Amino acid sequence: PADSGAFLWHLERAEPPVKLHDPDGAIACAAVSGNGRLLATCAANGAIHVRTLDPMGTVRTIVASDPKDEFPIIPMSAAFSHDGLQLAVGYEDGSIVIYSTEGPNAGRRFLGHTKPVRGLEIAADGRRLLSVSNDGTIRVWDTGIARTVVTLRPRGMGTPTALFTPD
């Protein structure tokens, strides 16, 4: 089996990197909260875990894997809200779910992309979500109603990328 994990470096300390493993196996995607205190890992079996990046390393399961599901929908991208209380996860089927990072929950589902979601970002105020998909679209979502407010279709770029700016 392939070795899978996430390496963490603290750039201001002269310490070797620490390798973390997901409790459910191969890591499909990962995200670090804006304050650097939380790490989300998404496993290839669909499980999502959030751990604190402190010496105790507390791990909370947000979405548990279903051992009976032979073909789980694989998470492809993840992003924390600026306050670290929410985690957006983009899936291979084009769906997006925003979960609370406080513990297990069903989350809020966003539908519109037709191919894997490769990039996500939640605006600083938490009211908008930006998503980039292999379907060639960039969407801006209203997080309160889980609906697209803008769809962009850049041409000639392959899979586009996008980010919110502070202003």
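This is a predicted model: local features need pLDDT of at least 70, side-chain atom pairs count only at pLDDT 80 or more; totals for chains, interfaces and linings use all residues.
**Entry 1: T41**

By contact I mean heavy atoms within 4.5 Å. I found T41 in strand β4, which covers residues 38-43. Is T41 buried or exposed? T41 counts as buried because its relative accessibility is 2%, and the cut-off for buried is under 20%. Then I listed what T41 touches, skipping residues up to four places away in sequence: D22, I27, C29, A30, A47, I48 and H49.

**Entry 2: the whole chain**

I stepped back to see what the chain is built from. How many helices and strands does the protein have? I got zero helices and 14 strands.

Next I looked up the overall dimensions. The C-alpha atoms fill a box of roughly 45 × 45 × 30 Å along the principal axes. For 167 residues, a compact globule would have a radius of gyration near 15 Å, and the protein has 16 Å, so the two agree.

I also noted how much is covered up: buried residues make up 40% of the 167 residues. The accessible surface comes to about 9700 Å², and carbon and sulfur atoms account for 54% of that surface. For contacts with a separation of 6 or more, I noted that 33% are between residues 24 or more positions apart.

**Entry 3: M76**

My next stop was M76, in strand β7 (residues 75-80). M76 counts as partly exposed because its relative accessibility is 21%, while buried would need a value under 20%. Which residues does M76 contact, leaving aside neighbours within four places in sequence? I wrote down A28, C29, G90, Y91, E92, P116, V117 and R118.

**Entry 4: charges**

I turned to the charged side chains. The protein has 16 positive and 18 negative ones, and the centres of the two sets lie 7 Å apart. Side chains of opposite charge can pair when their charged atoms come close, so I went looking for pairs. How many salt bridges does the structure hold? I found two.

One joins D125 and R127, with the closest N and O atoms 3.2 Å apart. D125 is partly exposed, because its relative accessibility is 49%. R127 counts as exposed, because its value is 56%; the line between those classes is drawn at 50%.

The other salt bridge brings R128 and D142 together, at 3.4 Å from N to O. Where do these partners sit? R128 is in strand β12 (residues 128-133) and D142 is in strand β13 (residues 138-142). The pair is 14 residues apart and links distant parts of the chain. R128 counts as partly exposed, because its relative accessibility is 31%.

**Entry 5: A146**

Last, I checked a backbone angle. A146 has a phi near 55 degrees, a positive value in a residue other than glycine. Where is A146? I placed A146 in the loop between β13 and β14, the latter being residues 147-152. A146 counts as buried because its relative accessible area is 18%, and buried means under 20%.

Conventions: Residues are numbered from 1 along each chain as its sequence is written. Side-chain values use heavy atoms; hydrogens and water are left out. Helices (H or I, at least four residues) and strands (E, at least two) are DSSP runs, numbered from the N terminus. The radius of gyration is taken over C-alpha atoms; the globule rule is 2.2 Å times the number of residues to the power 0.38. Buried means under 20% relative accessible area, exposed over 50%, partly exposed in between (1.4 Å probe, protein chains only). Accessible areas come from the Shrake-Rupley method with a 1.4 Å probe; for residues, only the protein chains shown count as cover. Lys and Arg count as positive and Asp and Glu as negative; His and the chain ends are not counted. The place of a charge is taken as NZ of Lys, CZ of Arg, CG of Asp or CD of Glu. A salt bridge is a side-chain nitrogen of Lys or Arg within 4 Å of a carboxyl oxygen of Asp or Glu.
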